[in-house]
Every structure is written in structure tokens, then in C-alpha cells.
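This report describes a ligand site and the chain segments that contribute to it. The sequence and the structure are shown first, and the description follows.

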Amino acid sequence: MGYLRESIAIRARYRRCRHAWAPHLAKTRQALAASLERCRQRRTALVLGSGLLLDVPLAELAASFEEVWLVDMVHLPAARREAARYPNARCIEWDVTECAAALLDGKGRDALAEGTPSAFLREDRVDWVGSVNLLSQLPLLPLAWLGEPPSSTHPLAVAMMRRHLDYLSRFRAVVCLVADAEQRWGNREEAMEGADLDPLLGLSAHAFDQWWWELAPPGEAGHGHAIRHRVLACHWPSGIAAP
Ligand SMILES: C[S@@+](CC[C@H](N)C(=O)[O-])C[C@H]1O[C@@H](n2cnc3c(N)ncnc32)[C@H](O)[C@@H]1O
């Protein structure tokens, strides 16, 4: 479905935009570390969207938890090698939306509408969960697979993101969500277009930090566009339903 290609593309963009991304990666790691301070019992840490491990404080997690489970659709070899340095860390290839298999089976839009992710919820040793720059990525390839426009405000996209938030709220653990709440793009500072996810997802009510991620500095994206995302770090409460 394109997950491997996307992962390789993210790595390539990271290599080109290393300097522009550095503050965002550091802020994400800091936010996750701040969330960890709220976590007294430290058996299993679950990282959703671990990917290339660019923004994951793996050394700190591995030092303070008995086990660290790194969950992503794809872990490229460098991420696997990095994880292998920590005997208590393991990479788990898993679709956190739990709908990709149904899409591949040809269930179409129904695949996105039905089903609620439930993996790891019954693992009562999970004491901390981080969802790390994953939320807005979840609908992109499923929408592309269905031939729908790649808009993060598409109703199907919003429904998928809400389901992820609902999933997070069902863990009996300390949960940290780092996710973009606003996306802006364009080739002139004064005339950037944007999409604001916050009114649709209700993230800011739980935010304890925020910053801008210069995802694509001017010229990096097509048509000379720049792309920047406003990222929120949230203490995601358990036991609430997403709006
Ligand atoms: C912006 S990257 C996150 C960066 C990652 N935290 C890092 O440090 O490299 C988004 C990640 O979400 C993953 N992803 C997207 N959809 C997914 C899904 N349905 N299940 C699991 N992972 C998914 C991608 O493979 C990618 O690694």
C-alpha cells in the first residue's frame, strides 16, 4: 500500500532537512520525557509510530522500563539495528488503525468505517503509551488507496484520527500524544493555505506544549512550497471518547 515507500521518503526528506527538523525532533523527545515523569510504574513502554526512531528517546525508555515495544507499520534496517542495541526493546510491525488488511481485501470505504483498534489494550503491563507524530499520517495512505483526495480534513480522515484518539483513551496507562494540529503550506509567507485539525479533534484542551515543525523549508515541496505543522504535545486522558 506504499508504507515502505513512504518510510523511505521520510528518511530521504529527513536527510535533506536535518537542520530544519532538529528543533522539532528535540521538542518531541523533551515532551515524551516530560510525560514519562508522570509515570511511576515502569513495566512496558509502548511507542506507536516509532518509525525511524528520530524523535523517540529510546535510550531513556530502555533504561527506565523493563520492556520497550516499538510499533510501526515499517521499521527500516537502521531503526532495527538501533533497537537491537537495547536487549529490552523490540520492533513490532503492526497497523495501528487495524484497517489496512480489510482495505487490501477490497472492502473499500467500509474498511475505514468499521472496526475499532484494540491491539495491546489487554496488555496490563503497559504503563506508558506514546503516539509519536503519527496521528495525521494514519489516513494518508488509506485515502490514497481509495482514490480519495489526500486531505487531512476529509471526513474519512477525521473519522480515522478520532478512532486513534479514542483508542489511546482506552489504555489504562499514562498516554502522551504528539501530533500536528495545524498544517500550513504555500510559497509566500503572507499567503499560506492551511488546515486546522484542532476544532475537529479537540487536541489543544490537553496540550502542555506546542511548536512549529518546518517540515519542508521553502523549495523542498513541489511548486516551491514550504510546509509547516503546528505540533501539540498532549497528556491524553484515559477513559474519554474523542469528540
Ligand atoms: C512522521 S512518521 C513518525 C516519525 C517517527 N516517530 C520517527 O521518529 O521516525 C509517521 C510514522 O507513522 C507510521 N504509520 C503510518 N500509518 C501507520 C499505521 N497505520 N500503523 C502503524 N504505523 C503507521 C509510518 O510508517 C511512519 O513511520
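The model is a predicted one. L53 belongs to the loop that runs between β1 (44-48) and α3 (58-64). Its phi is positive, about 65°, although L53 is not a glycine.

| Residue | Protein atom | Ligand atom | Distance |
|---|---|---|---|
| D55 | side-chain N or O | oxygen | 2.6 Å |
| V132 | polar backbone atom | nitrogen | 3.5 Å |

How much of the ligand's area does the protein bury? Taken alone, the ligand exposes 590 Å², and 95% of that is buried by the protein. The space that the ligand takes is the largest pocket.

The surroundings of the ligand consist of 20 residues, and the closest are G49, L54, D55, D72 and D95. By type, this shell divides into 11 nonpolar, six polar and three charged residues. D55, listed among the closest residues, is also the residue whose side chain has an N or O atom 2.6 Å from a ligand oxygen atom.

Strand β1 includes L48. Is L48 buried or exposed? L48 has a relative accessible area of 0%, which is under the 20% limit, so L48 is buried. Along the chain, L48 and S131 are 83 residues apart, yet their C-alpha atoms are separated by 4.7 Å.

N133 is placed in the loop between β4 (126-132) and α7 (140-145). With a relative accessibility of 13%, N133 is under the 20% limit and therefore counts as buried. N133 has a positive phi of about 50° although it is not a glycine.

L53 and N133 can be set side by side. L53 has a positive phi of about 65°, and N133 has one of about 50°. L53 is in the loop between β1 and α3, whereas N133 is in the loop between β4 and α7.

Technical notes. Residues are numbered from 1 along each chain as its sequence is written. This is a predicted model: local features need pLDDT of at least 70, side-chain atom pairs count only at pLDDT 80 or more; totals for chains, interfaces and linings use all residues. Side-chain values use heavy atoms; hydrogens and water are left out. A residue is near a molecule or strand if one of its heavy atoms lies within 4 Å of it. A polar contact is a pair of N or O atoms within 3.5 Å; within protein, one must be able to donate a hydrogen and the other to accept it, and residues adjacent in sequence count only if both atoms are side-chain atoms. Accessible areas come from the Shrake-Rupley method with a 1.4 Å probe; for residues, only the protein chains shown count as cover. On a 1 Å grid over the protein atoms alone, a cavity is a set of points where a 1.4 Å probe fits but cannot get out, and a pocket is an open set with protein on both sides within 12 Å along at least five of seven lines; lining residues have an atom within 4 Å of a point. A molecule sits in a cavity or pocket if more than half of its atoms lie within 2 Å of its grid points. Ala, Val, Leu, Ile, Met, Phe, Trp, Tyr, Cys and Pro count as nonpolar, Asp, Glu, Lys and Arg as charged, and the others, Gly among them, as polar. Helices (H or I, at least four residues) and strands (E, at least two) are DSSP runs, numbered from the N terminus. Buried means under 20% relative accessible area, exposed over 50%, partly exposed in between (1.4 Å probe, protein chains only).
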